Amino acid sequence: MVYEDAVIRVGNKGTVFDITMYDIDGSTQTAVDLSTATTLSLEFRRRNGSIQSVTAAIKNAPGGDGIIRYTDSAGTVFAHAQAKRGRWAVRGVIIYANGNTFKGSWQGFTVGE
């Protein structure tokens, strides 16, 4: 039997975030090609408004599906001194070799006690 606790909690270590980056043109949504990205990161906005940026990686190389993965293996985000329960948000950020930056939309989630 496999049990997965769907609630992220303060103090958690090992939490995995998979974020799919999309480009939206009118009513068409297309996964962003990550193959030419030089830097990938996730920004976490805590309930107090502070933002923490962490380095992420392409989940499925070469990145045509647009999925960025971050594993909080050391508790950098959720075992951080500023980690408090409440409503948080996350977004992906891509920096390309030509200097362009693509920031995704904030997506909310709840951090429990």
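1. Leaving out residues up to four places away in sequence, Arg47 touches Lys84, Arg85, Gly86, Arg87 and Trp88; contact here means heavy atoms within 4.5 Å. Arg47 sits in the loop between strand 5 and strand 6 (51-55). Strands are DSSP runs of E with at least two residues, helices are runs of H or I with at least four, and both are numbered from the N terminus. Arg47 is exposed because its relative accessible area is 55%. The cut-offs are under 20% for buried and over 50% for exposed, with partly exposed in between (1.4 Å probe, protein chains only).

2. Basis of the note. This is a predicted model, where local features need pLDDT of at least 70, side-chain atom pairs count only at pLDDT 80 or more, and totals for chains, interfaces and linings use all residues. Residues are numbered from 1 along each chain as its sequence is written, and side-chain values use heavy atoms, with hydrogens and water left out.

3. Arg47 again. A polar atom of its side chain lies 3.2 Å from the backbone oxygen of Arg85. Arg85 is also among the residues that Arg47 touches. Lys103 is 56 residues away from Arg47 along the chain, and their C-alpha atoms are separated by 20 Å.

4. Arg91 belongs to strand 9 (residues 86-96). Its relative accessibility is 15%, so Arg91 counts as buried. Its side chain makes a polar contact of 2.8 Å with the side chain of Glu43. A polar contact is a pair of N or O atoms within 3.5 Å; within protein, one must be able to donate a hydrogen and the other to accept it, and residues adjacent in sequence count only if both atoms are side-chain atoms. Beyond four places in sequence, Arg91 touches Ser41, Leu42 and Glu43, and also Lys103, Gly104, Ser105 and Trp106.

5. Ser41 lies in strand 5 (residues 37-45). Ser41 is buried because its relative accessible area is 11%. With neighbours within four places set aside, Ser41 is in contact with Ser53, Val54, Thr55 and Ala56, as well as Arg91, Gly92 and Val93.

6. Two loop positions deserve a look. Pro62 lies between strand 7 (57-58) and strand 8 (67-72). The peptide bond joining Ala61 and Pro62 is cis, with omega about 10 degrees. Gly75 is in the loop between strand 8 and strand 9. At 6% relative accessible area, Gly75 is buried. Its contacts, leaving aside neighbours within four places, are Asn12, Lys13 and His80. Gly75 and Phe44 are 31 residues apart in sequence, and 13 Å apart C-alpha to C-alpha.

7. The whole chain. There are zero helices and eleven strands. The radius of gyration is 15 Å, close to the 13 Å from the globule rule for 113 residues, so the chain is as compact as a globular protein of that length. That radius is taken over C-alpha atoms, and the rule is 2.2 Å times the number of residues to the power 0.38. Along the principal axes, the C-alpha atoms fill a box of roughly 40 × 40 × 30 Å. Of the 113 residues, 34% are buried. Among contacts with a separation of 6 or more, 64% come from residues 24 or more positions apart.

8. Surface. The accessible surface is about 6800 Å², and carbon and sulfur atoms account for 47% of it. Areas come from the Shrake-Rupley method with a 1.4 Å probe; for residues, only the protein chains shown count as cover.
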